[in-house]
Amino acid sequence: MPGTDTLTSAAPPAAPPQTHAVDDALPPGRGLPGWWSFIEDRLLLNIATILMMAAIGIMFYEASSRSLLSESHWWAEELVRFLVVWSVLLSLGVGTRHGHYIRMDLLLNMLPHGVRLAFAWLNSLIGLAFSVLLVIAGFQEVAHLQAIGMFTESNLDLPLWTVRLVLPLGGVLYGFAFVGNIVLLLRGHDPDPPVEGENL
């Protein structure tokens, strides 16, 4: 039929140009080594979850003991406090790099791509500097507590320096989160891109 060749030979419409939003919409672990994502997602998060579940179990046991048996255990409150702090500090870096925190990014989402990357660099460098300070202060406190031989308040009788060891450890893990952001920035990706529906 006349005109058939014109229809069949018509070139497909050109694909829309790629935008930075497509390139930046990477999963949090993409662009980093596999072992890095394994440590963050499979190891740290599972350990933090186990510690938090243990804290919840101890709180339930303490509440039940008080209500049903009229007995209170001094060590339970202190152990719950330690478990929650360890859980939070072990997972803080992972949560930060995955964007699981409260953000006031209405203005940030309206900025051009280059300005967003500049703010991401600034955020990563300041966060890394804070992590270094946390590690230094944590090691100083751990060394001091180990020197004076202080123990926990309850009848757990744990060396307090072993409990406070989570401060420098958490600082190191928190610093690795910002190092991961820097690695993504060096590869041209926004480590914290706006999710769908946030672009204004």
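User: How do you know that the length of helix H3 is close to the expected one?
Analyst: This is a predicted model. Helix H3 covers residues 34-69, 36 residues in total. From first C-alpha to last, H3 reaches 50 Å. At 1.5 Å a residue, 52 Å is expected, so the two values are close.

User: Where does H3 bend, and by how much?
Analyst: At Leu 44, by about 25°. Leu 44 is also one of the buried residues of H3.

User: What makes a residue of H3 count as buried, and which ones are?
Analyst: Buried means under 20% relative accessible area. In H3 that holds for Trp 36, Ser 37, Glu 40, Leu 44, Ala 48, Leu 51, Ala 55, Ile 58, Glu 62 and Ser 65. These residues pack against helix H4 (74-97) and helix H8 (166-186).

User: Why is H3 called roughly antiparallel to H4?
Analyst: The axes of H3 and H4 come within 8 Å and cross at roughly 155°. Angles over 145 degrees count as roughly antiparallel, so H3 is roughly antiparallel to H4. The crossing is left-handed.

User: What follows H3?
Analyst: Ser 70, with a positive phi near 55°.

User: Which residue just after H6 takes a positive phi?
Analyst: Gly 149, at about 70°. Within H6 itself, the buried residues include His 113, Gly 127 and Leu 145.

Methods. Residues numbered from 1 in each chain as written. Predicted model: local features only at pLDDT ≥ 70, side-chain atom pairs only at ≥ 80, totals over all residues. Heavy atoms only, no water. Helix = DSSP H or I, 4+ residues; strand = E, 2+ residues; numbered from the N terminus. Bend = angle between axes of the 7 residues up to and from the residue. Buried < 20%, exposed > 50% of the residue type's maximum accessible area, 1.4 Å probe, protein only. Contact = heavy atoms within 4.5 Å. Axes fitted to C-alpha atoms, helices over the stretch in contact; angles between N-to-C directions. Parallel < 35°, antiparallel > 145°, perpendicular 65-115°, else oblique. Left-handed = near helix turned anticlockwise from the far one by under 90°.
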